[in-house]
Amino acid sequence: MSAELEQLRCLVQERTADLQRVKAEYDNYRKRVRRDRLAVREIATANVLKALLPVLDAVDRACANEPLTPGLRDIADSLREQVGSLGVTSFGEVGDRFDPACHDALTHHVAPDAERLVCAAVLRPGYRLGEHLLRPATVEVTGPAAPPARSGSAPEHDVGAVPAGKPPLPAARS
């Protein structure tokens with residue numbers, strides 16, 4: 001009887017260990033599914049918002065170039081409010097330090113006395129969804145002809161310096 005009892009205890013321990021493994025696998029599966037669903041949701045939201053950015057640009061251009069009627073003002077305010085409520089923020093201001101990771105430079109105006117590249121004009125604002133870049137800001141930059149040399153680090157991105165004596169290309173405005 002003692003041998004039979006010991007055999008039953010071993011069997012219960014094995015089944016308990018099996019059950020604990022299956023439970024842990026299921027918990028990990030649930031966590032992975034939840035993480036995947038959130039990732040898919042974020043990607044879908046970003047894709048929809050990217051598709052709406054030209055609409056936001058068109059409304060901004062209309063507000064800047066047309067008489068501001070109450071209807072146009074309501075549309076613009078509502079669109080900005082709804083996009084903002086989803087976590088979208090705009091960036092790109094005159095005077096911002098040029099960052100090739102979040103700015104697209106169309107022209108580079110040489111200023112020999114400048115120490116760094118700065119945004120001289122914002123042609124189209126950039127947008128972020130949290131930390132995710134939806135669209136870089138399109139800018140004109142002003143700064144030195146060649147970026148200052150950095151010791152011990154990777155070279156800074158060159159915006160495409162204009163050769164001496166040649167005027168910069170005109171910016172295409174959309």
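**Buried spots, cores and salt bridges in a predicted model**

Threonine 138 is buried, its relative accessible area being 10% (buried is under 20% relative accessible area, exposed is over 50%, and partly exposed is in between, with a 1.4 Å probe and protein chains only). The model here is a predicted one, so local features need pLDDT of at least 70 and side-chain atom pairs count only at pLDDT 80 or more, while totals for chains, interfaces and linings use all residues. Residues are numbered from 1 along each chain as its sequence is written, and side-chain values use heavy atoms, with hydrogens and water left out.

Back to threonine 138: this residue sits in strand E6, residues 137–143 (helices, H or I with at least four residues, and strands, E with at least two, are DSSP runs numbered from the N terminus). Setting aside residues up to four places away in sequence, threonine 138 touches Asp104, Leu106, Ala121, Val122, Leu123 and Arg124 (contact means heavy atoms within 4.5 Å). Glycine 92 is another buried residue, also with 10% relative accessibility. Its place is the loop between strand E1 (88–91) and strand E2 (103–110). With residues up to four places away again left out, glycine 92 touches Val122 and Ala137. Glycine 92 and alanine 137 are 45 residues apart along the chain, yet 5.7 Å separates their C-alpha atoms.

In soluble globular proteins, nonpolar side chains tend to be buried together. The largest nonpolar core in this model has 12 residues: Ala46, Leu49, Leu53, Leu56, Val59, Ala76, Leu79, Val83, Val88, Tyr127, Leu129 and Leu134. Helix H1 (2–65), helix H2 (70–85) and strand E4 (126–129) are the elements that give two or more residues to this core. H1 gives the most, with five residues. A nonpolar core, for the record, is a set of buried Ala, Val, Leu, Ile, Met, Phe, Trp, Tyr and Cys residues joined through side-chain atoms within 4.5 Å. Zooming in on leucine 49, and leaving aside its neighbours within four places in sequence, the contacts are Leu86, Val88, Leu129 and Leu134. Another core, of eight residues, lies apart from the largest one and includes Phe91, Cys102, Leu117 and Val139.

Some nonpolar residues turn up on the surface instead. Val48, Leu52 and Val55 form a nonpolar surface patch, together showing about 230 Å² of accessible area. Patches are made of residues with over 30% relative accessible area and no salt bridge, with like charges joined within 9 Å and nonpolar side chains (Val, Leu, Ile, Met, Phe, Trp, Tyr) within 5 Å. The areas come from the Shrake-Rupley method with a 1.4 Å probe, and for residues only the protein chains shown count as cover.

As for the strands, E1 and E4 pair in the antiparallel sense over four bridges (two strands pair if DSSP finds at least two bridges between them). In this pairing, valine 88 stands opposite leucine 129 in E4. E4 also runs antiparallel to strand E5 (residues 132–135), with three bridges joining the two. Leucine 129 has histidine 132 as its bridge partner in E5, and arginine 128 has leucine 133. E4 and E5 make a hairpin with two residues between them, and glycine 130 in the turn has a positive phi of about 65 degrees.

Finally, the charged side chains. Seven salt bridges are found in the whole structure, a salt bridge being a side-chain nitrogen of Lys or Arg within 4 Å of a carboxyl oxygen of Asp or Glu. Aspartate 18 and arginine 21 form one of them, at 2.3 Å from N to O. These two are three residues apart in helix H1, so about one helical turn separates them. Aspartate 18 is partly exposed at 31% relative accessibility, and arginine 21 is partly exposed at 48%. Arg15, Asp18 and Arg21 are linked in a network of salt bridges. Aspartate 27 and arginine 30 form a salt bridge too, with their closest N and O atoms 3.2 Å apart; both lie in helix H1, three residues apart, about one turn of the helix. The side chains of aspartate 57 and arginine 135 also meet in a salt bridge (2.6 Å, N to O). This pair links distant parts of the chain, as aspartate 57 is in helix H1 and arginine 135 is in strand E5, 78 residues apart. Both aspartate 57 and arginine 135 are buried.
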